[in-house]
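The structure is shown first, and the discussion follows.

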Amino acid sequence: MKKNGKAVARAIADESVPMTFVRVLGKSFFRTTALRCLASIFRNFFFLQWRSALFPWKIPVSRADHPLDESIPFFPHKINTYIDFVAFWIRTLSFLLRHYDQHVRVQVRDFLKTMGELYAYAAEVYSRHLSTTYRPFYLGRLKFISIHTLDPHLMCIPSLHVMVVIRTYTWFEKIIRSFNDDSRFASRIEELRRGAIDITEAVLYIKQHSVNCIPAAMYAMTRYNGELFPPEEAERFAQGLFTRGKNLSSAESKEIRDFIITLYKQFLFRGEEQGPGSDWKIPLLEFLKTLPVVK
């Protein structure tokens with residue numbers, strides 16, 4: 001593809017997810033790490049959540065809803081954006097492997113490892129205190145049926161959707177910069193950052209999360225890797241939310257952004273208050289204890 005006579009890399013969104021699975025699982029260099037990643041996702045999300053749904057007395061569950069959620073409309077068509085979060089990071093691997101091949105193999109394997117670690121990281125909170133939100137029982141689209149069937153909706157704080165997309169766009173930019181290609185792939189860096197913001201908005205538009213869940217995920221990612229997602233980048237990310245379209249008034253969108261940034265800073269301050277090397281999840285667990293308990 002060329003633009004003004006210059007070659008332009010095709011969009012990451014055009015990468016093939018099935019072919020990436022074949023390419024990654026078909027190579028022994030990636031296979032073990034990829035399978036461990038899948039095992040972590042199953043164990044720390046599906047198994048833990050369903051065990052908690054079937055034996056609800058084992059882990060407390062709180063309601064994470066916030067009054068600001070009511071200002072965000074329910075948009076069923078955003079389901080496609082919401083469920084794209086897995087394909088989002090898989091396509092990113094495909095893009096890097098296609099452009100850098102052998103030169104990026106170690107980084108891709110490390111990314112697969114950290115993706116599995118993210119699920120285990122979030123489960124440190126889930127295994128101690130679960131959370132849920134109000135979501136409409138909407139079955140007008142087939143994809144909603146699968147969500148209501150497969151997801152007991154007990155792991156809201158912190159939002160894994162948001163954690164995954166933050167990790168993807170920040171890691172991608174780091175890799176691109178390591179090859180001194182940030183000018184060449186500037187549009188692809190922005191594509192991923194914008195995609196991460198769109199998916200974050202979608203989790204609110206389809207009522208799978210509350211505004212409380214977003215700063216919790218941002219805080220988790222700063223504590224997971226403060227180099228990739230420092231407070232400055234977290235604020236920049238939050239400031240990008242609800243800046244396009246007319247789904248919310250400018251006053252409503254600003255109020256939501258300000259709330260997210262404020263709560264993120266409160267989590268961060270509480271964590272810093274604990275001192276260096278403190279348990280990252282304490283601020284989130286303390287916050288969960290202040291929320292109404294599901295009877």
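Helices, at least four residues long, and strands, at least two, are DSSP runs numbered from the N terminus. The model is predicted. In these terms, asparagine 180 lies in the loop between H7 and H8. Its phi is near 55°, a positive value in a residue other than glycine. Asparagine 180 is exposed, with a relative accessible area of 66%.

**The helices on either side of this loop**

Helix H7 covers residues 160–178 and helix H8 residues 186–205; their axes come within 9 Å and cross at roughly 175°. Angles over 145 degrees count as roughly antiparallel, and H7 and H8 are therefore roughly antiparallel to each other. On the H7 side, the residues in contact are His161, Val162, Val165, Thr168, Tyr169, Phe172, Glu173 and Ile176. They meet Arg188, Ile189, Leu192, Arg193, Ala196, Ile199, Thr200 and Val203 in H8. By class, this contact has 10 nonpolar, 3 polar and 3 charged residues.

A second residue other than glycine with a positive phi is histidine 153, where the angle is near 65°. Histidine 153 lies in the loop between H6 and H7. With a relative accessibility of 4%, histidine 153 counts as buried, whereas asparagine 180 is exposed. The loop between helix H6 (142–150) and H7 also holds proline 158. Isoleucine 157 and proline 158 are joined by a cis peptide bond, with omega about -5°.

**Nonpolar core**

In soluble globular proteins, nonpolar side chains tend to be buried together. Here the largest nonpolar core has 98 residues, and Trp89, Met163 and Met218 have the most contacts inside it. Leaving out residues up to four places away in sequence, methionine 218 touches Ile166, Phe229, Ala234, Phe237, Ala238, Ile260 and Tyr264.

**Aromatic pairs**

The structure holds 21 aromatic pairs. Two of them are set out below.

| Pair | Distance between ring centres | Angle between planes |
|---|---|---|
| Tryptophan 89 and phenylalanine 111 | 5.8 Å | 65° |
| Phenylalanine 267 and phenylalanine 287 | 5.3 Å | 85° |

Planes over 60 degrees apart count as edge-to-face. The rings of tryptophan 89 and phenylalanine 111 have their planes at 65°, so this pair is edge-to-face. The planes of phenylalanine 267 and phenylalanine 287 stand at 85°, so that pair is edge-to-face as well.

Tryptophan 89 belongs to helix H4 (residues 85–100) and phenylalanine 111 to helix H5 (residues 105–126), and the pair links parts of the chain 22 residues apart. Both tryptophan 89 and phenylalanine 111 are buried. Phenylalanine 267 lies in helix H11 (residues 250–273) and phenylalanine 287 in helix H12 (residues 282–289), so their pair ties together parts that are 20 residues apart in sequence. Phenylalanine 267 and phenylalanine 287 are both buried. These two phenylalanines also belong to one aromatic cluster with Tyr121, Tyr219, Tyr224 and Trp280.

**Proline 73**

Which residues does proline 73 contact beyond its neighbours within four places in sequence? They are Tyr205, Lys207, Asn247 and Leu248. Proline 73 lies in the loop between strand S3 (61–63) and helix H3 (79–82), and is partly exposed, with a relative accessible area of 22%. Its C-alpha atom is separated by 8.5 Å from that of leucine 204, a residue 131 places away along the chain.

Note on methods. Residues numbered from 1 in each chain as written. Predicted model: local features only at pLDDT ≥ 70, side-chain atom pairs only at ≥ 80, totals over all residues. Heavy atoms only, no water. Axes fitted to C-alpha atoms, helices over the stretch in contact; angles between N-to-C directions. Parallel < 35°, antiparallel > 145°, perpendicular 65-115°, else oblique. Contact = heavy atoms within 4.5 Å. Nonpolar A, V, L, I, M, F, W, Y, C, P; charged D, E, K, R; others polar. Core = buried A, V, L, I, M, F, W, Y, C linked by side-chain atoms within 4.5 Å. Buried < 20%, exposed > 50% of the residue type's maximum accessible area, 1.4 Å probe, protein only. Phe/Tyr/Trp six-rings, centres within 6.5 Å; stacked < 30°, edge-to-face > 60°.
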